[in-house]
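The exercises below are meant to be worked through slowly, with the model open beside the text. Each one sets a task and then gives a solution in steps.

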Amino acid sequence: MVGAVIPPPRTASARRAVALAATLSVAAIVLLFAPMVVSPYWMRILSMAFMFGTLAQALNLIAGFAGYPAFGNVVFFGLGAYSTAVVMVKLGGSFAAGLCVAVLVSLATVLIVGPPLLRLRGHYFAIATVGLNEMVKALASNLDALTGGGMGLSLPLPPWNPAETAKVFYYLLLGTMTTSILITVWFKSSRLGHACRAIRDDEVKAEAMGLRTTTIKTFAWALSAMLTGLVGAIYAYWFSYVEPPAVFDMLIAIKSFVMFLLGGAATLLGPIAAAFFVEFVSDALWSHLLHFHLGALGLGIVLIALYMPHGFVRFFRDRGQTLVMLFRKQG
Amino acid sequence: MLFLQVALNGILLGGLYACMAISFSLIWGVLNIINLAHGSMMLVGAYVTYTLHSRFGLDPVLTIPFSATALFVFAYVLQRLVFNRVVMTSIFLTLILTFGLDMMLINFNIAMFTADVRSITTWYSGAALEIGGIRLAYTRILVFALALAMTLALYVFLKWSRVGHAIRAVAQDPNAAQVMGVNTQRVYAVTFGLGAAMAGATGSLLTIVYAFSPVIGDPFTLKSFVVVILGGLGNMFGALLAGIFLGVAENIVSAFIHPGYRDAVSFCLLVAILVLRPTGFLGRRSYADSRA
């Protein structure tokens with residue numbers, strides 16, 4: 001009889017799911033209505049945070065779940081940006097067409113280079129993706145007729161006034177980031193996601209269990225690349241200008257890599273939270289340390305690698321447990 | 001004749017590449033760290049040379065001990081204080097750690113020496129050896145010879161010195177080496193210091209034949225990687241051949257196809273080798289291997 005009166009104790013995972021849903025809905029409402037109150041400066045910072053959040057989440061799919069450190073993933077960012085630029089400038093297409101082409105080009109690139117490159121592991125794979133990025137960058141710098149070479153390409157300006165333009169890109173990037181979260185939600189519990197984690201833990205065993213590892217890895221990387229390409233395409237129209245050093249910049253790759261590590265590999269919201277954190281901090285630094293910005297960012301990266309190798313969630317949980325234990329000892 | 005000229009210049013350039021790659025591969029092979037700050041470490045060495053040359057009029061060749069010592073001390077301390085905490089952990093960490101270091105070194109070089117492109121002119125800079133219509137600059141020949149000498153010195157050191165034995169033992173099996181009484185932490189620090197010292201010395205050589213600025217380090221890092229995988233990790237003779245091969249290939253592409261694709265050669269080679277033959281063309285060996 002007692003059981004009928006007292007509700008059954010919820011499991012820890014159910015409680016966490018409720019808390020997560022509550023946090024997410026609050027965050028969604030705040031972010032949806034933020035453009036009505038915040039200054040253009042913060043609009044821009046938030047939009048950048050959405051952009052990097054998506055990049056970090058995309059990296060999470062291939063590096064976090066499958067364990068393949070796609071260090072040069074920025075190549076898809078650059079490909080996406082250049083696809084949009086070429087479609088809009090050389091072919092006179094619309095922005096929507098540019099987005100579609102960007103995603104398709106990223107997908108096609110992974111389908112071609114994925115199967116051979118994904119046979120490599122560890123350092124070899126990481127540096128091979130960097131090599132791929134440098135290769136495509138060299139092509140973009142030298143195929144003058146198509147890409148404008150080192151001069152880059154200027155895109156047509158968006159047809160709205162500056163305030164509207166800022167809002168359009170804010171919501172566009174917010175939508176992209178939301179899409180990346182939804183994809184990760186699906187991915188985490190899908191057969192594909194489980195297969196990727198099996199590969200990460202022991203690729204030989206996974207293969208022995210009958211998983212078609214190359215196909216699975218290629219599929220995960222393709223998802224990652226399409227998201228990255230989409231962000232690159234939006235970036236191109238947002239900044240109205242693309243040039244090889246700006247869109248194939250390894251710094252973009254490293255920043256998203258740090259965010260992904262700081263947020264915790266293979267977590268759902270970690271990379272997003274870390275993207276906001278790093279963007280805010282590096283913006284605060286930027287205004288004070290103009291001459292040493294690069295060095296300060298490097299120092300920050302070194303400190304993160306040394307002190308938070310498993311992300312800040314683990315860091316604070318471990319520190320919290322130490323505190324609890326200290327209090328217990330004293331009490 | 002033009003082809004021969006281009007190829008010979010490529011061979012001479014290849015000596016520099018080999019020297020640069022061997023220090024990179026020493027750090028990789030023993031510590032399992034891909035040192036993304038390698039190119040920037042070279043440039044720190046180059047700026048040591050630049051400073052000594054412009055302040056005291058010291059010949060670039062004579063500055064090599066200074067740049068090597070400076071980099072050795074820097075890297076030894078860095079390894080003891082910082083990198084020993086992450087040796088043999090995840091490659092995610094070592095990659096971003098060395099990239100963070102790279103950014104700090106670039107920023108340091110820009111702050112100290114500005115972003116201007118520098119070059120050093122010595123009294124023998126313009127002279128060249130002429131044999132049957134082929135001109136070979138003495139500076140390039142000098143750099144090639146010094147690069148070969150340093151490579152040979154490292155080989156002898158690793159093969160016959162006591163510290164060299166310890167380094168090879170740790171590369172072979174860190175745990176077993178520790179059980180035998182080798183202080184592995186110190187060996188890691190010495191290895192990283194040696195690799196950095198050689199990078200610094202290569203940077204000094206670089207000033208004799210190249211113009212340089214703080215931001216040109218990263219392509220050198222990637223080229224080191226290409227040479228190492230082409231020659232096989234831990235294979236010093238392989239690295240020498242691979243360095244020369246890359247130098248020749250770059251010069252030929254640059255002269256006969258398009259100068260803009262000069263750097264693309266190494267990246268295409270990189271992807272092609274990794275796809276076709278990830279163990280390099282001469283097979284993989286380790287520093288522990290007595291034949292290495």
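**Exercise 1. Find the element that gives the most to the lining of the second largest pocket, and describe that lining.**

Solution. The element that gives the most to this lining is α6(A), with 7 residues; helices here are DSSP runs of H or I with at least four residues, and strands are runs of E with at least two, numbered from the N terminus. This is a predicted model, in which local features need pLDDT of at least 70 and side-chain atom pairs count only at pLDDT 80 or more, while totals for chains, interfaces and linings use all residues. Residues are numbered from 1 along each chain as its sequence is written, chains are lettered from A and ligands numbered from 1 in the order in which they are written, and side-chain values use heavy atoms, with hydrogens and water left out.

The second largest pocket has a volume of about 1100 Å³. On a 1 Å grid over the protein atoms alone, a pocket is an open set of points with protein on both sides within 12 Å along at least five of seven lines, a cavity is a set where a 1.4 Å probe fits but cannot get out, and lining residues have an atom within 4 Å of a point. Grid points are joined across faces, edges and corners, and the volume is the space filled by probe spheres set on them.

Of the 37 residues that line this pocket, the closest to its centre are E134(A), K137(A), V215(B), D218(B) and P219(B). Two or more residues each come from α6, α12 (244–247) and α13 of chain A, and from α4 (91–113), α9 and α11 (262–276) of chain B. By class, the lining has 25 nonpolar, 4 polar and 8 charged residues, where Ala, Val, Leu, Ile, Met, Phe, Trp, Tyr, Cys and Pro count as nonpolar, Asp, Glu, Lys and Arg as charged, and the others, Gly among them, as polar.

**Exercise 2. Work out which residue forms a salt bridge with E134(A), and then examine a salt bridge of chain B.**

Solution. The partner of E134(A) is K137(A), with the closest N and O atoms 3.8 Å apart; a salt bridge is a side-chain nitrogen of Lys or Arg within 4 Å of a carboxyl oxygen of Asp or Glu. Both residues lie in helix α6 (residues 122–142) of chain A, 3 residues apart, which is about one turn of the helix. E134(A) is buried, with a relative accessible area of 14%, whereas K137(A) is partly exposed at 23%; buried means under 20%, exposed over 50% and partly exposed in between, with a 1.4 Å probe and protein chains only.

In chain B, E250(B) forms a salt bridge with K223(B), and their closest N and O atoms are 3.1 Å apart. Because E250(B) lies in helix α10 (residues 236–256) and K223(B) in helix α9 (residues 217–231), the pair ties together parts that are 27 residues apart in sequence. E250(B) and K223(B) are both buried. K223(B) also lies over the face of F220(B), at 5.9 Å from the ring centre, a charge being over a ring if NZ of Lys or CZ of Arg is within 6 Å of the ring centre and within 35 degrees of the ring normal.

Over all chains, the structure holds 6 salt bridges.

**Exercise 3. Determine how the rings of F276(A) and F280(A) are arranged, and then those of Y47(B) and F212(B).**

Solution. Over all chains there are 33 aromatic pairs; rings of Phe, Tyr and Trp (its six-membered ring) pair if their centres lie within 6.5 Å, and planes under 30 degrees apart count as stacked, over 60 as edge-to-face and the rest as tilted. The ring centres of F276(A) and F280(A) are 6.0 Å apart and their planes are at 85°, so the pair is edge-to-face. These residues are 4 apart in helix α14 (residues 270–288) of chain A, about one helical turn. F276(A) is buried at 15% relative accessible area, while F280(A) is partly exposed at 32%.

For Y47(B) and F212(B), the centres are 5.3 Å apart and the planes at 75°, so this pair is edge-to-face. Since Y47(B) lies in helix α2 (residues 38–56) of chain B and F212(B) in the loop between α8 (184–209) and α9 of chain B, the pair ties together parts that are 165 residues apart in sequence. Y47(B) is buried at 0% relative accessibility, and F212(B) is buried at 1%.
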